[in-house]
Amino acid sequence: MARYLHYRPPLEAALLFAIIASAAVRVRAFHIPQSRPIHKEVSLHASTNDSNSNDDLWNADISPLQQHNQQHRYDSSIWSILPLPEHADNTSIAERARCAMISNKPAALQDRCSVNLDAFHNGRCKAQWLHVDPPVLTVDNFLTEQECDDIRRITISPPPAGVGRVIKLESRLSESNKSNNQDTAVRLSTTWYVRYGAPQVAPLLRSLMQLLPDIQLEQTEEVQLVRYIGEGQGFGWHEDALSEQEATVDAGGQRIATLLVYLDDNCQDGSGGRTLFRDLRGGGKNGKQRLGVSPKKGRALLFFPAISTTEDDNESSDEDNGAFGKVYFDHTRADHRTTHAGEPPTGKNGQKHIAQLWIHSGKHTPVVFGRGLNRHSEAVL
């Protein structure tokens with residue numbers, strides 16, 4: 001019989017939380033530039049219709065972000081950032097973006113894992129570039145409606161037969177930790193960790209392997225299902241790249257790809273719930289606002305929180321202006337340009353469900369369920 005484990009205060013649960021926090025759910029957070037009120041970093045209100053309002057964190061025009069950031073020591077205005085050609089400021093940038101997207105091995109995907117775009121150019125699936133460098137792509141109908149419904153049912157207690165053990169965790173990070181001068185991204189949500197062998201997630205894993213043909217399933221973290229309910233729940237600005245202490249050999253090194261799949265349509269028609277990229281443009285009618293991806297049932301969002309490198313220097317060069325982190329043991333560097341946030345759904349009953357997969361540079365050792373209790377080999381592929 002399937003067991004359903006809830007997070008509770010006793011010692012056993014506290015130890016479990018410590019394991020999960022160190023292996024799967026820790027992220028690095030960053031304030032938006034000083035030109036905007038710092039408290040907006042922790043605001044979790046959905047966007048308004050007035051895109052010019054200073055109180056609208058989510059819909060802000062990209063231009064206020066192109067200023068020196070003291071924490072990262074970069075100048076985003078001179079980063080090598082390529083929006084879609086139609087959103088470029090001049091013909092030279094538009095041509096560079098256009099050239100970076102063409103061929104079977106686009107230059108925009110250099111130093112990142114290969115993406116099999118041809119596998120999804122068919123009647124059911126549609127792959128689309130949303131940003132060129134750093135690359136951001138979506139694939140509509142990545143999962144069918146039925147496959148999305150089957151995965152969502154795992155979040156209902158008790159879960160369906162065959163799922164096996166499920167771990168449920170409430171995320172309630174709500175303010176910066178000023179006592180030790182560390183910033184924590186606001187996150188209010190519920191997460192379910194699911195075994196690789198659960199039959200409901202088999203289509204998700206199969207589609208992942210089809211989309212990223214050069215990776216092995218052993219490089220993926222545990223499957224996570226995340227639910228946000230109402231205007232009070234969302235995820236503030238953060239990066240998916242791990243710190244040097246977290247990107248260990250057992251963890252599989254750095255996270256090199258993020259795949260999110262939206263499991264419902266409750267946020268359609270502009271009802272919030274977008275995934276927004278703080279420093280990338282592509283939103284709004286003129287493409288000058290922040291890039292945002294609206295939830296759509298079955299839609300996959302793919303981006304790359306780190307790049308591969310042959311460099312040995314642990315410091316950012318003058319050429320990248322701090323856009324990338326230091327070089328790790330696995331020859332990867334965090335791409336700070338992928339800082340993003342999860343916008344809350346609107347309305348008291350608004351909901352957003354996503355399935356989430358992180359892919360590492362090397363083999364990941366699953367630890368959330370305990371070592372040896374959740375194996376990649378159990379996946380039904």
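This is a predicted model: local features need pLDDT of at least 70, side-chain atom pairs count only at pLDDT 80 or more; totals for chains, interfaces and linings use all residues.
**Strand S10**
- S10 covers residues 235-239, and five of its five residues are buried, so expect a mostly covered strand.

**The nonpolar cores**
- The largest nonpolar core has 50 residues, and those touching the most other members include Phe-142, Leu-204, Leu-211 and Leu-212.
- Leu-259, Val-261 and Leu-302 belong on that list of top-touching members too.
- Looking past its neighbours within four places in sequence, Leu-212 is in contact with Cys-113, Ser-114, Val-115, Ala-257, Leu-302 and Ile-359.
- Another core lies apart from the largest one; it has 15 residues, among them Ile-81, Val-226, Leu-260 and Phe-303.

**Helix H4**
- H4 runs over residues 202-211, and it is largely enclosed by the rest of the structure because seven of its 10 residues are buried.
- The buried ones are Ala-202, Pro-203, Leu-204, Leu-205, Ser-207, Leu-208 and Leu-211.

**Rings**
- You'll find one aromatic pair in the structure.
- That pair is Phe-277 with Phe-303: the ring centres are 5.1 Å apart and the planes meet at 90°, so it's edge-to-face.
- Phe-277 belongs to strand S12 (residues 275-283) and Phe-303 to strand S14 (residues 300-303), so the pair ties together parts 26 residues apart in sequence.
- Both Phe-277 and Phe-303 are buried.
- Elsewhere, Arg-255 lies over the face of Trp-358, 3.5 Å from the ring centre.

**Leu-291**
- Leu-291 is part of strand S13, residues 289-293.
- With relative accessibility at 3%, where the buried cut-off is under 20%, Leu-291 counts as buried.
- Leu-130 is 161 residues away along the chain, yet its C-alpha atom and that of Leu-291 are separated by 8.0 Å.
- Setting aside neighbours within four places in sequence, Leu-291 is in contact with Leu-130, His-131 and Val-136, among others.
- Its contacts also include Thr-275, Leu-276, Phe-277, Leu-280, Arg-281, Gly-282 and Gly-283.

Technical notes
Residues are numbered from 1 along each chain as its sequence is written. Side-chain values use heavy atoms; hydrogens and water are left out. A nonpolar core is a set of buried Ala, Val, Leu, Ile, Met, Phe, Trp, Tyr and Cys residues joined through side-chain atoms within 4.5 Å. Buried means under 20% relative accessible area, exposed over 50%, partly exposed in between (1.4 Å probe, protein chains only). Contact means heavy atoms within 4.5 Å. Rings of Phe, Tyr and Trp (its six-membered ring) pair if their centres lie within 6.5 Å; planes under 30 degrees apart count as stacked, over 60 as edge-to-face and the rest as tilted. Helices (H or I, at least four residues) and strands (E, at least two) are DSSP runs, numbered from the N terminus. A charge sits over a ring if NZ of Lys or CZ of Arg is within 6 Å of the ring centre and within 35 degrees of the ring normal.
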